[in-house]
Amino acid sequence: MDKKIKYFIIILYNLLVLSEINAQPLSIISPKNNQVFNSEINLHWNKLDSATAYRLVIKNKINSSVEIDTVLKENYFTYSNLNGFYSWKVFGLINNIQKDSSIQNHFQIFDPRAAVGLNLWLKSDTGIGLANDTNIISW
């Protein structure tokens, strides 16, 4: 086969593959940006027809360390072993080649049971100092 024909076929294939995946942008469905959870996180993004897999990257927002970097066949991920502030991004893959990515979103996991020394007042009227029997001056 002539070299020009080979190059033409390769270029045509790449154009078709790239235009196919870019026809529908990869977007995050849930959770909403900056949403707070108390334990398990469920991440979900739209499915791309041409994607053979998805790469999910979750980073600690405080120190930028990568907590999770995994390749998935499905367009969702559930995890329950995080606590803190995180950013996440998903990439569309075609035959293990990264072709498209979502915007970066953020979420927070806050588990009150993990907070050491957390005190809870069950009576809101305890320890209140009043002035003139109407204005609160201390609590």
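Student: What should I know before I start?

Tutor: The model is predicted: local features need pLDDT of at least 70, side-chain atom pairs count only at pLDDT 80 or more, and totals for chains, interfaces and linings use all residues. Residues are numbered from 1 along each chain as its sequence is written, and side-chain values use heavy atoms, with hydrogens and water left out.

Student: How many helices and strands does the protein chain have?

Tutor: Helices (H or I, at least four residues) and strands (E, at least two) are DSSP runs, numbered from the N terminus. Here there are one helix and 11 strands. From the N terminus, the order is α-β-β-β-β-β-β-β-β-β-β-β.

Student: How do strands form a sheet?

Tutor: Strands of a sheet pair through backbone hydrogen bonds, either parallel or antiparallel. Two strands count as paired if DSSP finds at least two bridges between them.

Student: Over how many bridges do strand 3 and strand 6 pair?

Tutor: Four. Strand 3 covers residues 41–45. Isoleucine 41 stands opposite tyrosine 79 in strand 6. Strand 1 and strand 3 pair over two bridges. There, serine 30 has histidine 44 of strand 3 as its bridge partner.

Student: Which residues of strand 3 are on its covered face?

Tutor: Ile41, Leu43 and Trp45. Asn42 and His44 make up the uncovered face.

Student: How much of the protein chain is buried?

Tutor: Buried means under 20% relative accessible area, exposed over 50%, partly exposed in between (1.4 Å probe, protein chains only). Buried residues make up 30% of the 139 residues.

Student: What is the nearest side chain of opposite charge to aspartate 100?

Tutor: Lysine 89, which is 8.9 Å away. Lys and Arg count as positive, Asp and Glu as negative; His and the chain ends are not counted. A salt bridge needs a side-chain nitrogen of Lys or Arg within 4 Å of a carboxyl oxygen of Asp or Glu. Aspartate 100 is buried and has no salt bridge. Aspartate 100 sits in strand 8 (residues 97–101). A polar atom of its side chain lies 3.3 Å from the backbone nitrogen of leucine 26.

Methods. Polar contact = N/O pair within 3.5 Å; in protein donor to acceptor, adjacent residues only side chain to side chain.
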